[in-house]
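Dear colleague,

I am handing over to you the structure shown below. Please keep it open while you read the findings that follow.

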Amino acid sequence: MRHLPKHLRPRWRYLAVELEGWPDASLSRGAFQREVWYAAQNLVGDVASADVDLTVLGFEFDRGRGETLVRARRGKVGVARAVLACVASVDGHPLGVRVRGVSGTVRAAEERYLNRGPGNPEERTVVVDEDARSAVARPPVVDVAGPGGFTGATELDFE
């Protein structure tokens with residue numbers, strides 16, 4: 001079987017996506033891919049979501065921070081951004097999704113937009129209302145563990 005000529009092959013754009021959740025959230029590529037597909041079907045319908053053809057590549061998520069590449073067809077980047085904005089949670093874990101940038105190749109997207117986040121999160125003990133609690137610091141964000149789950153704060157809240 002012969003390959004398609006270059007002018008007939010589909011052209012892609014790669015969206016570098018930053019993910020942010022609570023430190024105790026554990027997410028997988030498959031679960032995130034499923035939520036992206038559901039969001040696309042709900043936002044634009046079955047036919048248009050198939051036309052955008054969103055695929056998650058190179059998923060990494062650890063201790064509340066992550067990043068991934070999402071592949072979309074050229075000319076459908078606006079729809080892909082809208083779909084990603086509709087993803088609010090994965091497997092019951094709230095999730096913030098932000099597109100860092102768009103590129104024409106995987107390599108350029110990785111070099112320009114990925115692996116530039118702040119360093120590894122560090123565990124700290126903070127005092128809230130005269131009560132010592134554990135916290136995960138990812139500058140400038142600090143997530144404080146409490147009886148009902150995590151509470152988001154900034155480093156300025158503790159100075």
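Helix α1 bends by about 120 degrees at Val44. Please note that this is a predicted model. After α1 comes Asp53, which has a positive phi near 55 degrees.

Which residues of α1 are buried? They are Ala31, Phe32, Gln33, Val36, Ala39, Ala40, Ser49 and Val52. These buried residues pack against two further kinds of element: the strands β1 (12-21), β2 (55-62), β3 (65-73), β4 (89-90) and β5 (93-103), and the helix α2 (77-85).

As a general point, nonpolar side chains in soluble globular proteins tend to be buried together. Here, the largest nonpolar core has 24 residues, and the members that touch the most others are Leu15, Phe32, Leu54, Val70 and Leu84. Two or more residues come from each of β1, α1, β2, β3, α2 and β5. Helix α1 provides the largest share of this core, with six residues. Another core, of six residues, lies apart from the largest one and includes Trp12, Ala16, Leu69 and Leu114.

I turn now to a sheet later in the chain. In what order do the strands of the open, four-stranded sheet lie? The order is β6-β7-β8-β9, and the pairing is antiparallel. Strands β6 (122-128) and β9 (149-154) are at the edges; each has a single partner strand, so one side of each is left without a neighbour in the sheet. On average, and with direction ignored, neighbouring strands of this sheet are turned by 35 degrees against each other.

The pairing of β6 with β7 can be followed residue by residue. Seven bridges join β6 to the antiparallel strand β7, residues 131-138. Glu123 stands opposite Val136 in β7, and Val127 stands opposite Ala132 in β7. The hairpin of β6 and β7 has two residues between the strands, and in this hairpin Asp129 takes a positive phi near 55 degrees.

Yours sincerely,
A colleague

Definitions and conventions:
Residues numbered from 1 in each chain as written. Predicted model: local features only at pLDDT ≥ 70, side-chain atom pairs only at ≥ 80, totals over all residues. Heavy atoms only, no water. Pairing = 2+ DSSP bridges. Axes fitted to C-alpha atoms, helices over the stretch in contact; angles between N-to-C directions. Bend = angle between axes of the 7 residues up to and from the residue. Buried < 20%, exposed > 50% of the residue type's maximum accessible area, 1.4 Å probe, protein only. Contact = heavy atoms within 4.5 Å. Core = buried A, V, L, I, M, F, W, Y, C linked by side-chain atoms within 4.5 Å.
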